[in-house]
Amino acid sequence: MSAFCGSAAACPRRHAGGYFRRIAAGLVLGAGGLGLGGTAARAQDAALLPAPPAAPASPIAVAQVNLGAPPLANPDVLPTPLTPAAPAPPPAGGTPPAWAITSSLNVSETYIDNVLMISAPRDSDIYTSINPSISIVGDTQRVQATAVYDPNFLIYPGYSGLNQIDENGTAQATITLVPETLFLNLQGFASTQDTPGGSIGPFGYNPAFTEQITSFSVAPYIQHQFGDYGTGKLMYSFNNTNFGLAGLNGVDSYIPPSSQYPAYFNPFNGNLMTSEEQAQFTTGNFLGRLQLQSTADLQQYNGFGMGPDSYQNIYDNEFSYALTHSFALLFGGGWEDINYNMQPDIAIHDAIWDVGFKWKPNADSTVIATYGHKYGLTYPYLDGEYQLSKRTKINANYTEYLDTAPQAIQNNLANSTLLPTGQTTSTATGAPIAIANPFFALEEGLLQTKLFNAGITTTYDRDTFSLTGSHETDYAIAVVPGILSYSDRMSYGTLSWTHTISDDLSATNSFTYGPMSFYIAGSPAENFTTVQASSSLTYTISPTLSAIATYTYMEFLGNLPGVSATANMVTVGLTKTFQ
């Protein structure tokens, strides 16, 4: 049995990664600009090859710490869909291009009356944001790829030490090296995030607290189908995740010495490298309604607070049995050997199991629910997106899990699908998923986390309403000596309304409220609250040129001296795009 007892498990950790960062950039920095044109397409590969199989479960997706639902080779799990998808209409003007590239350049000016987001002194500044962007979508017989990259250049005339480049982007690609046999899966992610999460941002924050996150994975694999008996896969992957100061000139010097910000709010540097070996076999149609996926997944960790010989070895067998075309039972079990060489040492050697179901009532709705034991923890899991009506969709996720901050980012990236818009979604259900959520703190050490997210969106001809909420509790379980670790509890709720005033003019209004508390064992809790309200107008000057004006109010309240602050921001900018 495990040396650690609790309840936490597995599933994508943080909601909204680069996508929310882009929203924040639009609302706060008023992204706009002068444009660089996009380029168009190239022809497909000359050789006619069989279409590659659907991308397999992502490198760390199967039998992983952040996969709460049983890993299934086919996300639909069922023998036939409830409602067959209608064939896509033929494109107007002939065959679409194999590669589509769209680029833009956004420029804006922002006035803020409290640039350091502190109680006193309230210094103002007018800073410039330059935000180029490029989107690439490729679909050939050898390559399927999607990439969105939108760095942000921030220039502060009055505080040159705050000048920085925010690297933001996500990329995914599957490459066929040898048809029907050898493939290569590539994934990458970059985002700038404030260390304490929404307590000082992301809408308006002291840039001294921000750090750059980068993560990538390279995973060659061999995959072969053995007729109706099933499909086998052998894979090796290398994953690297880095944290570091975002500023160009040591922005930590702009953390006011007179304030009482806790030391753990300071940005930190870290690196985690993960090597993974995986063998997997998924049965085919010969078992009828029953499907089995057997997986041996071995991972070794190096860096970011983990001592030598930190690893996890998972041996799992997951079954699905289709009762109907829309409902399947899920159940499985296996064994785990896990060691986090930290303080205290976390050693887990026990059986794993889970039971639950997957329900797919229509093409736009998927619900997965399980209850099981894994990583020494017994936990419930829910991941669902449901189309209530033609206009309204809801989504909800609940999970408990055990991992470190860079592990969570690696796992979320592995379990995501990138859309051409730049948003990442769950490979299991299609619901939005964050690679790194700017609303929540970046923390060091091993954490036991309880996380709940929910949202509802209703769309009318001229109006879109959305309400989202999140609650997260993190318990510090283990650390490496010399690294500060803390526990926290954070909640956020956001209400937004977008209204199309005319064909050329639209308005967006949002309100966010979030209480949180941080505490170290033996010390009293430190409580904070964030309030943010924003209103913006976007005017379409031409099909490729638009202007934006935004007003944002921020309020940050804390029970420590010198940390409460308010700020007002006004942004104007232009956006030029080419397609």
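**View 1. Threonine 458 is a buried residue of this predicted model.** Its relative accessible area is 14%, and buried here means under 20% relative accessible area, while exposed means over 50% and partly exposed lies in between, all with a 1.4 Å probe and counting protein chains only. Threonine 458 belongs to strand β20 (residues 446-459); strands (E, at least two residues) and helices (H or I, at least four) are DSSP runs numbered from the N terminus. The side chain of threonine 458 makes a polar contact of 3.0 Å with the side chain of threonine 392, a polar contact being a pair of N or O atoms within 3.5 Å in which, within protein, one atom must be able to donate a hydrogen and the other to accept it, and residues adjacent in sequence count only if both atoms are side-chain atoms. When neighbours within four places in sequence are set aside, threonine 458 is in contact with Arg391, Thr392, Asp463, Thr464 and Phe465, where contact means heavy atoms within 4.5 Å.

**View 2. Strand β10 (residues 270-283) is paired with β9 and with β11.** Strand β9 (residues 230-245) runs antiparallel to β10, and 14 bridges join the two; strands are said to pair if DSSP finds at least two bridges between them. One of the positions to look for is lysine 233, whose bridge partner in β10 is glutamine 280. Strand β11 (residues 290-303) is also antiparallel to β10, to which it is joined by 11 bridges, and here threonine 282 stands opposite glutamine 293 of β11. β10 and β11 form a hairpin with 6 residues between them, and glycine 288 in the turn has a positive phi of about 70°.

**View 3. Side chains alternate along strand β4 (residues 152-155).** Strand β2 (residues 125-139) pairs with β4 in the antiparallel sense over 3 bridges, with serine 129 opposite leucine 154. Strand β5 (residues 164-166) is likewise antiparallel to β4 and joined to it by 3 bridges, and asparagine 152 has aspartate 166 of β5 as its bridge partner.

**View 4. The largest nonpolar core has 27 residues.** A nonpolar core is a set of buried Ala, Val, Leu, Ile, Met, Phe, Trp, Tyr and Cys residues joined through side-chain atoms within 4.5 Å. Phe189, Ile213, Phe243, Tyr340, Ile346, Ile409 and Leu446 touch the most other members. The elements that give two or more residues to this core are β12 (306-322), β13 (327-340), β14 (346-362), α2 (405-414) and β21 (463-478). Apart from residues up to four places away in sequence, tyrosine 340 touches Met306, Ser310, Gln312, Asp345, Ile346, Leu402, Asp403, Gln407 and Leu446. A second, separate core of 25 residues includes Phe440, Tyr492, Phe518 and Ala567.

**View 5. Confidence in the model is given by the pLDDT, the predictor's confidence in each residue from 0 to 100.** The protein averages a pLDDT of 79, and 77% of the residues score at least 70. Over residues 1-91 the pLDDT is below 50, although this stretch has 318 contacts in the model beyond near neighbours in sequence.

**Notes on the views.** Residues are numbered from 1 along each chain as its sequence is written, and side-chain values use heavy atoms, with hydrogens and water left out. In this predicted model local features need a pLDDT of at least 70 and side-chain atom pairs count only at pLDDT 80 or more, while totals for chains, interfaces and linings use all residues.
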